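Biologist: I would like to go through this model and ask what lies behind the words used for it. Please show it first.

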Amino acid sequence: MDSRILELVEQYRSLYGGAEPEIIVRAPGRVNLIGEHTDYNDGFVFPCAIERDILMVAGRRTDRQIRAYALNFHQSTTFPLDNPPHIPQGRERWSNYLRAMTSVFGNEGIPLIGLNCVAWGDVPTGAGLSSSAAMLIAAGYLLSAGTETEIAPVLRAVLAQKAEREFVGVNVGIMDMYISVLGKKDHALLIDTRSLTYEAVPLPTAGVSIVIADTNKKRGLVDSEYNTRRLECEQAVMLLQARLPEITALRDVTLEQFERYADSLPATVRHRARHVISENERVLESVQALKSGNIERFGELMDASHESLRSDYEVSCDELDAMVAAAHSVEGVFGSRMTGAGFGGCTVSLVADTAVETFLQSVSAKYTEATGLKPVIYVTTAAQGAERLR
């Protein structure tokens with residue numbers, strides 16, 4: 001058994017009178033290879049699950065209470081299954097994701113039973129690798145396992161999105177939850193966020209590595225700027241509908257149509273729309289490049305995505321740009337871009353296996369020299385999505 005699980009089981013026994021946990025679940029974080037800020041515009045995204053996850057172990061209780069312990073924070077919480085209260089601030093805020101899924105399950109009529117549980121994760125928080133989605137999905141698996149309730153995978157993602165929007169209070173797209181549930185080992189998923197259909201696309205299993213570099217820049221503007229970008233995209237749709245009445249989202253606008261009517265949009269709105277529309281086209285082209293084995297073209301599209309996010313969508317920052325520049329200084333890097341909401345967090349790079357060691361040393365040194373910050377760099381492969389292990 002995984003040593004991490006053994007530690008969780010031992011912690012569970014210590015907390016709950018020597019009892020053995022009946023349920024073990026895991027849910028991974030994710031990295032988006034390309035397709036940023038397109039999901040809330042009904043567009044296309046191309047993420048994969050990563051080898052960092054949230055693990056939870058649990059046993060059933062005889063009352064309608066959840067008692068949970070977060071090993072990362074050494075903190076416990078207890079709350080009722082029925083109408084669990086939201087924690088606006090303080091020590092127990094981490095439990096809002098478990099409370100959120102409990103609330104949504106209750107509202108949806110999904111059976112619930114009291115649980116004792118212990119949680120631990122190595123998905124870094126605030127890095128743009130979807131620790132929150134992993135926690136929501138893991139909590140959903142835990143709760144459904146308690147009553148042996150079967151839930152379809154896509155519905156799990158939809159319920160988790162609902163939980164983060166309505167309980168946690170962040171108006172997120174569905175990509176993070178979707179890939180945490182449906183991720184497939186050695187594959188990325190092309191997800192159509194309008195139809196919620198997907199295609200698993202094989203990633204190279206030799207010769208190329210996915211390298212995630214955490215800038216360690218605290219992201220302070222994400223929530224307010226995220227909401228602003230959503231409003232700007234909605235304004236673009238509303239204005240373009242005067243010329244293109246059939247559209248309902250930027251996903252429906254081709255680059256050719258955009259160029260034809262771009263001058264009718266205010267400058268800022270025009271830039272935002274250009275990013276989303278061109279990014280959707282880059283996602284689709286990148287999938288075709290991958291299928292044809294053209295890693296060089298995939299990397300070029302990653303680079304173009306970063307430039308668009310920097311100049312048109314304006315969600316990059318000096319630290320992300322410095323990390324991308326450091327990556328490009330290494331021979332064997334096919335492409336590099338910011339990933340996640342922006343204003344800090346991580347970059348993702350496709351790196352030839354022969355260049356990974358050089359990347360780890362050179363990029364770290366160059367980034368620290370440029371910013372004064374020490375990065376954390378992870379080498380990963382595409383991992384399996386969420387699962388019940390016991």
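Modeller: A residue is called buried when its relative accessible area is under 20%. The model itself is predicted.

Biologist: Why is Met 323 called buried?

Modeller: Its relative accessibility is 1%, and the cut-off is under 20%, so Met 323 counts as buried. Met 323 sits in helix H10, residues 318–328.

Biologist: What does Met 323 touch, apart from residues up to four places away in sequence?

Modeller: Met 323 touches Ala 213, Asp 214, Thr 215, Thr 347, Val 363, Tyr 367 and Pro 375. Take Asp 214: from Met 323 the separation is 109 residues in sequence, and the C-alpha atoms are 8.8 Å apart in space.

Biologist: Why does Val 181 count as buried?

Modeller: The value for Val 181 is 7%, and under 20% is buried, so the word applies. Val 181 belongs to helix H5.

Biologist: Which residues is Val 181 in contact with, leaving aside neighbours within four places in sequence?

Modeller: Val 181 is in contact with Ile 137, Tyr 141, Pro 153, Arg 156, Ala 157, Gly 385 and Ala 386. Between Val 181 and Ile 137 there are 6.9 Å, C-alpha to C-alpha, for a separation of 44 residues in sequence.

Biologist: What makes helix H5 mostly covered?

Modeller: H5 runs over residues 175–182, and seven of its eight residues are buried. The buried ones are Met 175, Met 177, Tyr 178, Ile 179, Ser 180, Val 181 and Leu 182.

Biologist: Which elements do the buried residues of H5 pack against?

Modeller: There are helices and strands in that list: helix H3 (131–146) and helix H4 (153–168), together with strands S1 (23–34), S2 (44–60), S6 (187–192) and S7 (197–202).

Biologist: Strand S1 is in that list. Why is Ile 24 called buried?

Modeller: Ile 24 is found in strand S1. Its relative accessible area is 2%, and the limit is under 20%, so Ile 24 is buried. Not counting residues up to four places away in sequence, Ile 24 touches Ile 5, Val 9, Met 56, Val 57, Glu 387, Arg 388, Leu 389 and Arg 390. Ile 24 and Leu 55 are 31 residues apart in sequence, with 7.4 Å between their C-alpha atoms.

Biologist: Why is Asp 186 called partly exposed?

Modeller: Buried is under 20% and exposed is over 50%; Asp 186 has 27%, so it counts as partly exposed. Asp 186 lies in the loop between H5 and S6.

Biologist: What is the phi of Asp 186?

Modeller: Phi is about 65° at Asp 186, a positive value although the residue is not a glycine. Most residues other than glycine have a negative phi.

Biologist: Where is Phe 343 found, and why does Phe 343 count as buried?

Modeller: Phe 343 is in the loop between strand S9 (333–339) and strand S10 (346–352). Its relative accessibility is 12%, and the cut-off is under 20%, so Phe 343 counts as buried. Phe 343 also has a positive phi, near 60°, and is a residue other than glycine.

Biologist: How do you know that the span of helix H9 agrees with its number of residues?

Modeller: H9 covers residues 295–311, which is 17 residues; at 1.5 Å a residue they should span 24 Å. The end C-alpha atoms of H9 are 25 Å apart, so the two agree. Among the buried residues of H9 are Ile 295, Phe 298, Leu 301 and Met 302.

Biologist: How do you know that the radius of gyration agrees with a compact globule?

Modeller: For 390 residues, a compact globule would have a radius of gyration near 21 Å; the chain has 21 Å, so the value agrees. Along the principal axes, the C-alpha atoms fill a box of roughly 65 × 50 × 40 Å. The chain has eleven helices and twelve strands, and buried residues make up 57% of the 390 residues.

Biologist: What share of the contacts with a separation of 6 or more comes from residues 24 or more positions apart?

Modeller: Such residues account for 71% of those contacts in the chain.

Biologist: How many positive and negative side chains does the chain have?

Modeller: There are 38 positive and 50 negative side chains, and the centres of the two sets lie 4 Å apart. The chain exposes about 15800 Å², of which carbon and sulfur atoms supply 48%.

Note on methods. Residues are numbered from 1 along each chain as its sequence is written. This is a predicted model: local features need pLDDT of at least 70, side-chain atom pairs count only at pLDDT 80 or more; totals for chains, interfaces and linings use all residues. Side-chain values use heavy atoms; hydrogens and water are left out. Helices (H or I, at least four residues) and strands (E, at least two) are DSSP runs, numbered from the N terminus. The radius of gyration is taken over C-alpha atoms; the globule rule is 2.2 Å times the number of residues to the power 0.38. Buried means under 20% relative accessible area, exposed over 50%, partly exposed in between (1.4 Å probe, protein chains only). Contact means heavy atoms within 4.5 Å. Accessible areas come from the Shrake-Rupley method with a 1.4 Å probe; for residues, only the protein chains shown count as cover. Lys and Arg count as positive and Asp and Glu as negative; His and the chain ends are not counted. The place of a charge is taken as NZ of Lys, CZ of Arg, CG of Asp or CD of Glu. The expected span of a helix is 1.5 Å times one less than its number of residues.
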